[in-house]
Amino acid sequence: MNKFLIIGGTGNIGFPLIQYLNQQNIPIVAGAHNLAKATEEFQEFNNVEVKHFDFLNSSTFETALNGVNKIFFVRPPQLAKPKKDMLPFLNYVQTQDIEQIVFISLLGVEKNPMTPHHQIEQMILDLDLPYTFIRPSFFMQNLNTTHQFDIKENHDLFIPAGNSRTSFIDTRDIGEIAGIALLDNQYLNQKLNITGPMALSYHEIAQIMTKVLGTPITYSQPSLWRFRKVMLQRGIKKDFVNVMVMLYLITQLGNAKEVTDTAGKVLGHEPRTIENYIQDYQEDFK
(Lines give C-alpha, C1' and ligand atoms only; values in the text may rest on other atoms or scores of the structure.)
Protein backbone atom coordinates (compact mmCIF):
# COMPACT_ATOMS: atom_id res chain seq x y z
CA MET A 1 0.00 0.00 0.00
CA ASN A 2 1.47 3.34 -1.06
CA LYS A 3 1.71 6.31 1.30
CA PHE A 4 3.98 9.20 0.36
CA LEU A 5 5.61 11.84 2.55
CA ILE A 6 5.78 15.10 0.59
CA ILE A 7 8.04 17.65 2.30
CA GLY A 8 7.48 21.20 1.05
CA GLY A 9 3.99 20.50 -0.26
CA THR A 10 2.91 24.14 -0.26
CA GLY A 11 5.80 25.14 -2.55
CA ASN A 12 6.03 25.71 -6.30
CA ILE A 13 6.87 22.05 -6.97
CA GLY A 14 5.27 20.32 -3.98
CA PHE A 15 1.79 21.76 -4.53
CA PRO A 16 1.39 20.64 -8.18
CA LEU A 17 2.90 17.29 -7.15
CA ILE A 18 0.24 16.82 -4.46
CA GLN A 19 -2.45 17.89 -6.95
CA TYR A 20 -1.19 15.22 -9.36
CA LEU A 21 -0.97 12.46 -6.73
CA ASN A 22 -4.38 13.39 -5.32
CA GLN A 23 -5.90 12.70 -8.74
CA GLN A 24 -4.36 9.20 -8.53
CA ASN A 25 -5.91 8.73 -5.02
CA ILE A 26 -2.52 8.22 -3.33
CA PRO A 27 -2.59 8.75 0.47
CA ILE A 28 -0.25 11.63 1.27
CA VAL A 29 1.42 12.99 4.37
CA ALA A 30 2.21 16.67 3.79
CA GLY A 31 5.20 17.37 6.03
CA ALA A 32 4.94 21.04 6.90
CA HIS A 33 6.87 23.58 8.94
CA ASN A 34 3.87 25.91 9.01
CA LEU A 35 0.94 23.68 10.00
CA ALA A 36 -1.73 26.41 9.76
CA LYS A 37 -0.73 27.38 6.21
CA ALA A 38 -0.54 23.75 5.02
CA THR A 39 -3.85 22.79 6.64
CA GLU A 40 -5.57 25.67 4.84
CA GLU A 41 -3.89 24.85 1.51
CA PHE A 42 -4.98 21.21 1.57
CA GLN A 43 -8.45 21.42 3.13
CA GLU A 44 -10.12 20.71 -0.25
CA PHE A 45 -7.95 17.64 -0.94
CA ASN A 46 -8.86 14.03 -0.23
CA ASN A 47 -6.24 11.70 1.24
CA VAL A 48 -3.90 14.50 2.43
CA GLU A 49 -2.87 14.43 6.09
CA VAL A 50 -0.82 17.39 7.36
CA LYS A 51 1.90 16.63 9.91
CA HIS A 52 4.55 18.82 11.48
CA PHE A 53 7.98 18.36 9.90
CA ASP A 54 11.25 20.19 10.44
CA PHE A 55 14.65 19.07 9.09
CA LEU A 56 16.24 20.73 12.13
CA ASN A 57 14.01 18.96 14.66
CA SER A 58 14.56 15.18 14.75
CA SER A 59 11.55 14.69 17.05
CA THR A 60 9.30 15.36 13.99
CA PHE A 61 10.77 12.55 11.86
CA GLU A 62 9.06 9.50 13.37
CA THR A 63 5.50 10.84 13.21
CA ALA A 64 5.88 12.20 9.69
CA LEU A 65 7.32 8.91 8.38
CA ASN A 66 4.85 6.60 10.14
CA GLY A 67 3.42 4.19 7.53
CA VAL A 68 5.19 5.98 4.66
CA ASN A 69 6.96 4.02 1.90
CA LYS A 70 8.17 6.86 -0.37
CA ILE A 71 9.51 10.37 0.24
CA PHE A 72 9.74 13.53 -1.83
CA PHE A 73 11.69 16.61 -0.79
CA VAL A 74 13.14 19.90 -1.96
CA ARG A 75 16.00 21.57 -0.11
CA PRO A 76 14.54 24.58 1.77
CA PRO A 77 16.53 27.54 0.38
CA GLN A 78 17.51 28.79 3.84
CA LEU A 79 19.22 25.46 4.67
CA ALA A 80 22.62 25.68 3.01
CA LYS A 81 24.72 23.30 5.18
CA PRO A 82 23.60 19.77 4.21
CA LYS A 83 25.74 17.82 6.71
CA LYS A 84 24.14 19.76 9.56
CA ASP A 85 20.69 20.40 8.05
CA MET A 86 19.88 17.23 6.08
CA LEU A 87 22.08 14.34 7.17
CA PRO A 88 20.25 13.65 10.48
CA PHE A 89 17.00 13.19 8.52
CA LEU A 90 18.63 10.99 5.87
CA ASN A 91 20.28 8.88 8.58
CA TYR A 92 16.84 8.36 10.11
CA VAL A 93 15.35 7.47 6.70
CA GLN A 94 18.01 4.75 6.38
CA THR A 95 16.57 3.03 9.48
CA GLN A 96 13.08 2.90 7.92
CA ASP A 97 11.67 0.66 5.21
CA ILE A 98 11.67 3.34 2.50
CA GLU A 99 11.32 2.21 -1.13
CA GLN A 100 12.26 5.50 -2.82
CA ILE A 101 13.40 9.02 -2.02
CA VAL A 102 12.81 11.62 -4.75
CA PHE A 103 15.03 14.67 -4.41
CA ILE A 104 14.83 17.85 -6.49
CA SER A 105 18.44 18.52 -7.34
CA LEU A 106 19.93 20.79 -10.01
CA LEU A 107 20.94 20.54 -13.66
CA GLY A 108 24.72 20.19 -14.00
CA VAL A 109 25.11 19.35 -10.31
CA GLU A 110 27.63 16.57 -11.00
CA LYS A 111 30.10 19.27 -12.16
CA ASN A 112 29.53 21.53 -9.13
CA PRO A 113 30.58 19.85 -5.86
CA MET A 114 30.25 23.15 -3.94
CA THR A 115 26.46 23.28 -4.32
CA PRO A 116 24.28 21.96 -1.45
CA HIS A 117 22.39 19.86 -4.05
CA HIS A 118 25.57 17.95 -4.97
CA GLN A 119 26.30 17.24 -1.31
CA ILE A 120 22.74 15.99 -0.67
CA GLU A 121 22.87 13.68 -3.70
CA GLN A 122 26.18 12.29 -2.45
CA MET A 123 24.80 11.68 1.06
CA ILE A 124 21.82 9.77 -0.38
CA LEU A 125 24.19 7.65 -2.50
CA ASP A 126 26.56 7.05 0.44
CA LEU A 127 23.63 5.84 2.57
CA ASP A 128 22.56 3.50 -0.26
CA LEU A 129 18.98 4.82 -0.27
CA PRO A 130 16.81 3.97 -3.30
CA TYR A 131 16.59 7.31 -5.10
CA THR A 132 15.41 9.34 -8.03
CA PHE A 133 17.28 12.61 -8.57
CA ILE A 134 15.32 15.11 -10.60
CA ARG A 135 17.76 17.70 -11.89
CA PRO A 136 15.85 20.65 -13.33
CA SER A 137 17.22 23.75 -14.94
CA PHE A 138 16.26 27.11 -13.36
CA PHE A 139 12.60 27.47 -12.45
CA MET A 140 10.42 29.86 -14.44
CA GLN A 141 8.70 30.55 -11.10
CA ASN A 142 11.90 32.19 -9.78
CA LEU A 143 10.65 35.22 -11.73
CA ASN A 144 7.38 35.58 -9.75
CA THR A 145 8.99 34.75 -6.39
CA THR A 146 12.68 35.62 -5.87
CA HIS A 147 12.72 38.28 -8.60
CA GLN A 148 9.11 39.50 -8.41
CA PHE A 149 9.88 42.71 -6.50
CA ASP A 150 12.18 44.12 -9.19
CA ILE A 151 9.85 43.13 -12.03
CA LYS A 152 6.77 44.64 -10.36
CA GLU A 153 8.36 47.76 -8.87
CA ASN A 154 11.15 48.54 -11.34
CA HIS A 155 9.99 46.66 -14.48
CA ASP A 156 13.47 45.14 -14.53
CA LEU A 157 15.11 41.71 -14.43
CA PHE A 158 17.71 42.40 -11.72
CA ILE A 159 19.56 39.11 -12.22
CA PRO A 160 23.36 38.62 -12.51
CA ALA A 161 23.35 36.13 -15.39
CA GLY A 162 25.39 38.12 -17.94
CA ASN A 163 24.65 37.19 -21.57
CA SER A 164 24.25 33.48 -20.76
CA ARG A 165 21.30 31.34 -21.81
CA THR A 166 19.08 29.30 -19.48
CA SER A 167 16.77 26.37 -20.33
CA PHE A 168 14.01 27.40 -17.90
CA ILE A 169 11.41 24.84 -16.80
CA ASP A 170 7.98 25.41 -15.24
CA THR A 171 7.69 24.02 -11.69
CA ARG A 172 4.22 22.65 -12.54
CA ASP A 173 5.96 20.32 -15.01
CA ILE A 174 8.58 19.39 -12.39
CA GLY A 175 5.81 18.51 -9.91
CA GLU A 176 4.10 16.24 -12.43
CA ILE A 177 7.42 14.59 -13.38
CA ALA A 178 8.08 13.93 -9.66
CA GLY A 179 4.61 12.34 -9.38
CA ILE A 180 5.24 10.10 -12.38
CA ALA A 181 8.65 9.11 -10.96
CA LEU A 182 7.06 8.18 -7.61
CA LEU A 183 4.48 5.97 -9.32
CA ASP A 184 6.64 4.25 -11.96
CA ASN A 185 9.52 2.00 -10.88
CA GLN A 186 11.38 2.54 -14.17
CA TYR A 187 12.62 5.84 -12.67
CA LEU A 188 14.12 4.19 -9.59
CA ASN A 189 17.85 4.93 -9.19
CA GLN A 190 17.70 7.32 -12.15
CA LYS A 191 19.06 10.84 -12.56
CA LEU A 192 16.63 12.86 -14.68
CA ASN A 193 18.10 16.00 -16.28
CA ILE A 194 15.02 18.04 -17.16
CA THR A 195 14.69 21.39 -18.93
CA GLY A 196 12.15 23.47 -20.75
CA PRO A 197 11.94 23.32 -24.55
CA MET A 198 14.58 26.02 -25.26
CA ALA A 199 17.43 28.02 -23.73
CA LEU A 200 16.85 31.77 -23.54
CA SER A 201 18.92 34.77 -22.51
CA TYR A 202 17.46 37.21 -19.98
CA HIS A 203 17.45 39.83 -22.78
CA GLU A 204 15.04 37.52 -24.66
CA ILE A 205 12.95 36.93 -21.54
CA ALA A 206 12.66 40.70 -21.03
CA GLN A 207 11.41 41.01 -24.63
CA ILE A 208 8.87 38.20 -24.19
CA MET A 209 7.63 39.69 -20.88
CA THR A 210 7.32 43.12 -22.54
CA LYS A 211 5.18 41.59 -25.30
CA VAL A 212 2.93 39.45 -23.05
CA LEU A 213 2.50 41.99 -20.23
CA GLY A 214 2.21 45.06 -22.45
CA THR A 215 4.73 46.87 -20.20
CA PRO A 216 8.39 47.52 -21.11
CA ILE A 217 10.61 45.18 -19.06
CA THR A 218 14.38 45.72 -19.05
CA TYR A 219 17.32 43.48 -18.15
CA SER A 220 19.84 45.56 -16.19
CA GLN A 221 22.42 42.74 -15.99
CA PRO A 222 23.96 43.60 -12.57
CA SER A 223 27.34 42.20 -11.54
CA LEU A 224 27.41 39.32 -9.05
CA TRP A 225 28.89 41.71 -6.47
CA ARG A 226 26.16 44.33 -6.93
CA PHE A 227 23.39 41.71 -6.86
CA ARG A 228 24.76 40.22 -3.63
CA LYS A 229 25.05 43.66 -2.01
CA VAL A 230 21.47 44.65 -2.90
CA MET A 231 19.99 41.31 -1.75
CA LEU A 232 21.78 41.56 1.61
CA GLN A 233 20.59 45.19 1.99
CA ARG A 234 17.03 43.91 1.52
CA GLY A 235 17.49 41.64 4.52
CA ILE A 236 17.68 38.32 2.66
CA LYS A 237 19.64 35.70 4.62
CA LYS A 238 23.34 35.56 3.78
CA ASP A 239 23.41 31.77 3.19
CA PHE A 240 20.52 32.03 0.71
CA VAL A 241 22.15 34.99 -1.09
CA ASN A 242 25.48 33.14 -1.31
CA VAL A 243 23.82 30.07 -2.88
CA MET A 244 22.03 32.33 -5.40
CA VAL A 245 25.33 34.03 -6.31
CA MET A 246 26.99 30.62 -6.74
CA LEU A 247 24.17 29.44 -9.03
CA TYR A 248 24.32 32.61 -11.15
CA LEU A 249 28.09 32.28 -11.42
CA ILE A 250 27.51 28.73 -12.74
CA THR A 251 24.96 30.21 -15.18
CA GLN A 252 27.46 32.81 -16.41
CA LEU A 253 29.90 29.96 -17.12
CA GLY A 254 27.32 28.46 -19.52
CA ASN A 255 26.20 25.53 -17.38
CA ALA A 256 22.45 26.32 -17.48
CA LYS A 257 21.98 26.35 -21.27
CA GLU A 258 21.69 22.58 -21.82
CA VAL A 259 18.36 21.51 -23.35
CA THR A 260 17.21 17.91 -22.94
CA ASP A 261 14.12 16.06 -24.19
CA THR A 262 13.74 14.13 -20.90
CA ALA A 263 10.84 16.22 -19.56
CA GLY A 264 8.78 15.64 -22.68
CA LYS A 265 9.51 11.91 -22.64
CA VAL A 266 8.44 11.52 -18.99
CA LEU A 267 5.36 13.76 -19.33
CA GLY A 268 4.28 12.35 -22.68
CA HIS A 269 3.95 15.89 -24.07
CA GLU A 270 6.08 19.01 -24.55
CA PRO A 271 6.88 20.94 -21.34
CA ARG A 272 5.48 24.46 -20.97
CA THR A 273 7.17 27.38 -22.72
CA ILE A 274 8.17 30.67 -21.08
CA GLU A 275 5.26 32.30 -22.96
CA ASN A 276 2.81 29.82 -21.34
CA TYR A 277 4.27 30.63 -17.94
CA ILE A 278 4.22 34.46 -18.28
CA GLN A 279 0.64 34.33 -19.60
CA ASP A 280 -0.51 32.19 -16.64
CA TYR A 281 1.30 34.29 -14.02
CA GLN A 282 0.84 37.75 -15.53
CA GLU A 283 -1.10 39.08 -12.52
CA ASP A 284 1.98 38.44 -10.34
CA PHE A 285 3.96 40.96 -12.38
CA LYS A 286 1.44 43.82 -12.52
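This is a predicted model: local features need pLDDT of at least 70, side-chain atom pairs count only at pLDDT 80 or more; totals for chains, interfaces and linings use all residues.
Local features need pLDDT of at least 70, side-chain atom pairs count only at pLDDT 80 or more, and totals for chains, interfaces and linings use all residues. Residues are numbered from 1 along each chain as its sequence is written, and side-chain values use heavy atoms, with hydrogens and water left out.

The largest nonpolar core has 37 residues. A nonpolar core is a set of buried Ala, Val, Leu, Ile, Met, Phe, Trp, Tyr and Cys residues joined through side-chain atoms within 4.5 Å. Buried means under 20% relative accessible area, exposed over 50%, and partly exposed in between (1.4 Å probe, protein chains only). The residues with the most contacts inside this core are L143, L157, Y202, I205, M209 and I274. At least two core residues come from each of α9 (202-213), α10 (224-233), α11 (238-252) and α13 (274-280). Helices (H or I, at least four residues) and strands (E, at least two) are DSSP runs, numbered from the N terminus. The most is given by α11, with 7 residues. Beyond its neighbours within four places in sequence, I274 is in contact (heavy atoms within 4.5 Å) with M140, L143, F168, L200, I205 and I208. A second, separate core has 32 residues, including A38, F42, I177 and L192. In soluble globular proteins, nonpolar side chains tend to be buried together.

F42 sits in the loop between α2 (35-41) and β3 (48-52). This residue is buried, with a relative accessible area of 3%. Leaving out neighbours within four places in sequence, F42 is in contact with G9, T10, F15, I18, A30, V48 and V50. F42 and G9 are 33 residues apart along the chain, and their C-alpha atoms are separated by 9.2 Å.

Helices α10 and α11 pack at an angle of about 160 degrees, with their axes 10 Å apart. Axes are lines fitted to C-alpha atoms, for helices over the stretch in contact, and angles run from 0 to 180 degrees between N-to-C directions. The pair is therefore roughly antiparallel (over 145 degrees; under 35 is roughly parallel, 65 to 115 roughly perpendicular, the rest oblique). On the α10 side, the contact is made by L224, F227, R228, M231 and L232. Among the α11 residues that take part are V241, V245 and Y248.

S164 lies in the loop between β7 (156-157) and β8 (165-166). It counts as buried, at 9% relative accessibility. Its side chain reaches the backbone oxygen of A161 at 2.5 Å.

Notes
A polar contact is a pair of N or O atoms within 3.5 Å; within protein, one must be able to donate a hydrogen and the other to accept it, and residues adjacent in sequence count only if both atoms are side-chain atoms.
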